[in-house]
Amino acid sequence: MEGGAGNVEPSEVLSLLAAVSYGFASMAMVFINKAILMKYAYSITLLALQQVATALLIHLGRVMGYTKVSSMNIATAKKLLPLSLFYNANVAFALASLKGVNIPMYIALKRLTPLAVLIAGFFSGKGRPHIQVSLSVLTTALGVIIAALGDFSFDLFGYTMALTSVFFQTMYLMLVEKSSAEDGLSSVEIMLYNAILSIPFLLFIIIATAEFPHSLALLIEKAHSFSFFLIFILSLVMGIVLNFTMFLCTTVNSALTTTIVGVLKGVGSTTLGFLLLGGVEVHALNITGLIINTIGGVWYSYAKYQQKKRAPKKLTSDEEAHYKDKN
């Protein structure tokens, strides 16, 4: 009896917890990034520091016995190198877009990711998705377009950066899902590989774009400001939390589920963006688009729930690690 419960309940609880945690972390991170970039414009340096903090925290957790992470090996690192490159490209372009695009419009553009993931999954051999899944994602994308038509204050650079970020986000989410399924890696292990592989690449970009030494000088100059120091530390911590919840959600659920969670949290982010930051006039098209967008997200959640009920039970890499620790 205990074994059966262990096989079913952890999966449902972990799936829900992963999705909700990623939604909250992702929503918070949009505002934190916008806040820090208003005070510290060197986005690549910020990303590099987030990756260093991630690697150090995981290493510390392993030394103290809080996390079970297998030793890194060259073969796995080579397989995950494309994932790391896509991840960093996604974040770098997303941060660049936030410099010129307000939060509601940034989120509207990023909400096109589920459609990109669905198309990429079809062409990568995952087969034709269920009709309800396809229609729900198309409904979500339609809501994005309608909302965007109401208030696009066109910024060519910002919008190009955001759409490029959508492409790279799609690629790395597909690779995370594939790596978890084929290599049996847990979300923490994927985080560690991603952080270690990212650091040399980001350091090269920082030097090539001449962010260094200006980024370091500005960081030292602003360090005496308590408000800047607080938001800076918060950005590092939330960067780690966002990475963990994102990788966990993708390994426990799927790449498409992760992007749909991002779409649903975007409704809250967009509303807060309108109310707190301003800069965008509210039109009837905005409201209509957001309602259609939300309907699509809820419809997708229902379709995936029905699909999961019919599918055979399968342990995820994180659940297997948890099971091994208990035994």
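This is a predicted model: local features need pLDDT of at least 70, side-chain atom pairs count only at pLDDT 80 or more; totals for chains, interfaces and linings use all residues.
**View 1. Met-64 sits in the loop between helix H2 (43-63) and helix H3 (74-98).** Met-64 has a relative accessible area of 48%, so it counts as partly exposed, a class that lies between the 20% and 50% cut-offs.

**View 2. Helix H9 (residues 214-222) has a buried side and an exposed one.** Ser-215, Leu-218 and Leu-219 are the buried residues here. Viewed down the axis of H9, the buried residues fall within an arc of 100°, so they line one face of the helix. Turned away from that buried side is the face with Ile-220 and Glu-221, both exposed.

**View 3. The largest nonpolar core has 63 residues.** Within this core, the residues with the most contacts are Ile-36, Tyr-106, Phe-232 and Met-246. At least two core residues come from each of helix H1 (2-39), H2, H3, helix H4 (103-110), helix H7 (156-183), helix H8 (187-208), H9 and helix H10 (226-252). In soluble globular proteins, nonpolar side chains tend to be buried together.

**View 4. Here is a closer look at the surroundings of Tyr-106.** Which residues is Tyr-106 in contact with, leaving aside neighbours within four places in sequence? They are Val-30, Ala-94, Ser-97, Leu-98 and Val-101.

Note on methods. Residues are numbered from 1 along each chain as its sequence is written. Side-chain values use heavy atoms; hydrogens and water are left out. Helices (H or I, at least four residues) and strands (E, at least two) are DSSP runs, numbered from the N terminus. Buried means under 20% relative accessible area, exposed over 50%, partly exposed in between (1.4 Å probe, protein chains only). The arc is that of the directions from the helix axis to the C-beta atoms. A nonpolar core is a set of buried Ala, Val, Leu, Ile, Met, Phe, Trp, Tyr and Cys residues joined through side-chain atoms within 4.5 Å. Contact means heavy atoms within 4.5 Å.
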